[in-house]
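Hello,

Here is the structure we talked about handing over. Please look through it first; my notes follow.

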2 protein chains.
Amino acid sequence: MIEDYESFREDLRLSTENIIREVYHENRDRISIKTETTVVRNLTRIIESTLRLANSKGFHAMTLRDLCADSGLSMGGLYSYIRNKDDLIHLIQSHGFIITRKTLSHYIAEAKTVQERLYAAIKAHLYLSELMRAWFYFSYMEVKSLPAPDKRDAIAIELEIEDIFLSVIKDGISNGTYRLQNARLVASMIKALLQDWYLKRRKYRDQAISVEMYANFISEVIERYLTPPPPNGIHLTK
Amino acid sequence: MIEDYESFREDLRLSTENIIREVYHENRDRISIKTETTVVRNLTRIIESTLRLANSKGFHAMTLRDLCADSGLSMGGLYSYIRNKDDLIHLIQSHGFIITRKTLSHYIAEAKTVQERLYAAIKAHLYLSELMRAWFYFSYMEVKSLPAPDKRDAIAIELEIEDIFLSVIKDGISNGTYRLQNARLVASMIKALLQDWYLKRRKYRDQAISVEMYANFISEVIERYLTPPPPNGIHLTK
DNA sequence: GTCTATATAGGGATAGAC
DNA sequence: GTCTATCCCTATATAGAC
């Protein structure tokens, strides 16, 4: 069962170092340094700096000199963690993929009713993107410039996420919880609304909307749209 | 009153050349060529090629040599229309701003009831972004890398658009058409859904959703969310 | 493991011929 | 008004010292 945002945050915080370690092992062939603790420390810096710089000026506009200045490594030092600039992308992508897959599947599975599952999926995605906003933003903005294999992966994971929503909605329709509707279109809509949260974070901050409020808002919009009209013949839209 | 998509398209087609002409006059100081017909012809090519290339690989990753190859101009030729690469952005931005302002205000003003106005605004925005998808996509993706003044303009026009929706919703709430809700949040949502149409165009094409279908879908979602419950005490959500 | 110094190419920008 | 040839800087990438 998915808890409140604060416990979610705490859970995730504990696992981040493990994830960097996994990133290291997955990219061993590209990294010439052998001491694990050193690698983890520097990879963390590199990933953080890359996300910060790429998200503010664009990945291609960020120079490796910028990155060195921001992360505290030298050019030579940096190049013992990557073979070329594109490897940075790969590093970032593996990092996010690992976390996203683990987290979403973990939190969504357990809920019982269709409504609960939908709400859980929305919350898990929002909470995750709130904590990993930089990664989600990067992935969205840079897909088009990713090297082909990374691009395929990025598109695949997008689809996985959309399918989570799609299957919940379909279940709801077939068991009568929801009225008959174009399920895929509704799933698309949910995804667009979830994406807006991390793409336009400032907009919501300015309005003082918290992540919990936004989760409730989306859920209510969807429930109102999908809930069948009451049986006595009263219809909502004229 | 806003008509169907086809007539909308026809209306707009007629005015595009005039708009390029306006772009020329607005950027006279940066363009060293004097023959209007020549300028209009070449500006058209330049704008089209820039949008195509920048949208596929990112503005910063697009080289001016790419642009010359695609547009058919030489480097020297190109440089009689711009002073530097950033001027390209400015060209593109003025082009879109002029069209967007003109079109939206033109189509939205006339509708009478709140529902009609909301529907008209949604349709006008969708139809416009369908016809000028490349521009909308570019503006969204490149805001962060725009030179400061262009960035301000881009943010300002975003706000103008959001305010159009905001004011319609507020009107609806105050005259009782809609139930009391956080109007700004609803306006944000509408905007996110409109943006998804041009940001993820392929997704909708794959689902065979036409622009008219999408307009109706969004409108229905919003109306269902904002319409007050019937007076006899039956509530929609449990 | 990390740094400084350097090689090399690619891209923005311009001069000047036609 | 448009082209070709060229300048020059910047950014990626590497060699080799410590």
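A:Glu162 is buried, at 4% relative accessibility (buried means under 20% relative accessible area, exposed over 50%, partly exposed in between, with a 1.4 Å probe and protein chains only). A:Glu162 forms a salt bridge with A:Arg184, with the closest N and O atoms 3.1 Å apart (a salt bridge is a side-chain nitrogen of Lys or Arg within 4 Å of a carboxyl oxygen of Asp or Glu). A:Glu162 sits in helix α8 (residues 148-174) of chain A and A:Arg184 in helix α9 (residues 183-199) of chain A, so the pair ties together parts 22 residues apart in sequence. Helices are DSSP runs of H or I with at least four residues, strands are runs of E with at least two, and both are numbered from the N terminus. A:Arg184 is partly exposed, with a relative accessible area of 28%.

Before the rest, the ground rules. This is a predicted model, in which local features need pLDDT of at least 70 and side-chain atom pairs count only at pLDDT 80 or more, while totals for chains, interfaces and linings use all residues. Residues are numbered from 1 along each chain as its sequence is written, chains are lettered from A and ligands numbered from 1 in the order in which they are written, and side-chain values use heavy atoms, with hydrogens and water left out.

Salt bridges

Over all chains, the rule counts 40 salt bridges. A:Glu162 and A:Arg184 also belong to a salt-bridge network, together with A:Glu158, A:Asp163, A:Lys191 and B:Lys200.

Two other pairs deserve a look. A:Lys203 and A:Asp196 meet through their side chains, at 2.9 Å from N to O. Both A:Lys203 and A:Asp196 are buried. In chain B, B:Arg101 forms a salt bridge with B:Glu160, and the closest N and O atoms are 2.7 Å apart. That pair links distant parts of the chain: B:Arg101 is in helix α5 (residues 85-108) of chain B, B:Glu160 is in helix α8 of chain B, and they are 59 residues apart. B:Arg101 is partly exposed at 39% relative accessibility. B:Glu160 is partly exposed too, at 36%.

The interface of chains A and B

45 residues of chain B contact 45 residues of chain A (contact means heavy atoms within 4.5 Å). About 4100 Å² is buried between the two chains, and carbon and sulfur atoms give 65% of that. Buried area is the accessible area (1.4 Å probe) that two parts lose on being put together, summed over both.

The rule finds 4 salt bridges across this interface. A:Glu220 pairs with B:Arg179 in a salt bridge, the closest N and O atoms being 3.3 Å apart.

On the side of chain B that touches chain A, the elements giving two or more residues are α2 (36-57), α7 (133-142), α8 (148-174), α9 (183-199), α10 (201-206) and α11 (211-226) of chain B. α9(B) gives the most, with 10 residues. By class, this side has 21 nonpolar, 12 polar and 12 charged residues (Ala, Val, Leu, Ile, Met, Phe, Trp, Tyr, Cys and Pro count as nonpolar, Asp, Glu, Lys and Arg as charged, and the others, Gly among them, as polar).

DNA strand C

19 residues surround DNA strand C, the closest being A:Lys34, A:Thr35, A:Ser74, B:Leu64 and B:Tyr79 (near means that a heavy atom of the residue lies within 4 Å). For A:Tyr81 the corresponding distance is 2.9 Å.

DNA strand D

22 residues lie around DNA strand D; A:Leu64, A:Arg65, A:Tyr79, B:Lys34 and B:Thr35 come nearest. A polar backbone atom of B:Thr35 is 2.5 Å from a phosphate oxygen of DNA strand D. For a polar backbone atom of B:Lys34, the distance to a phosphate oxygen is 2.7 Å. By class, the surface near DNA strand D has 8 nonpolar, 9 polar and 5 charged residues.

Best wishes

Methods
A polar contact is a pair of N or O atoms within 3.5 Å; within protein, one must be able to donate a hydrogen and the other to accept it, and residues adjacent in sequence count only if both atoms are side-chain atoms.
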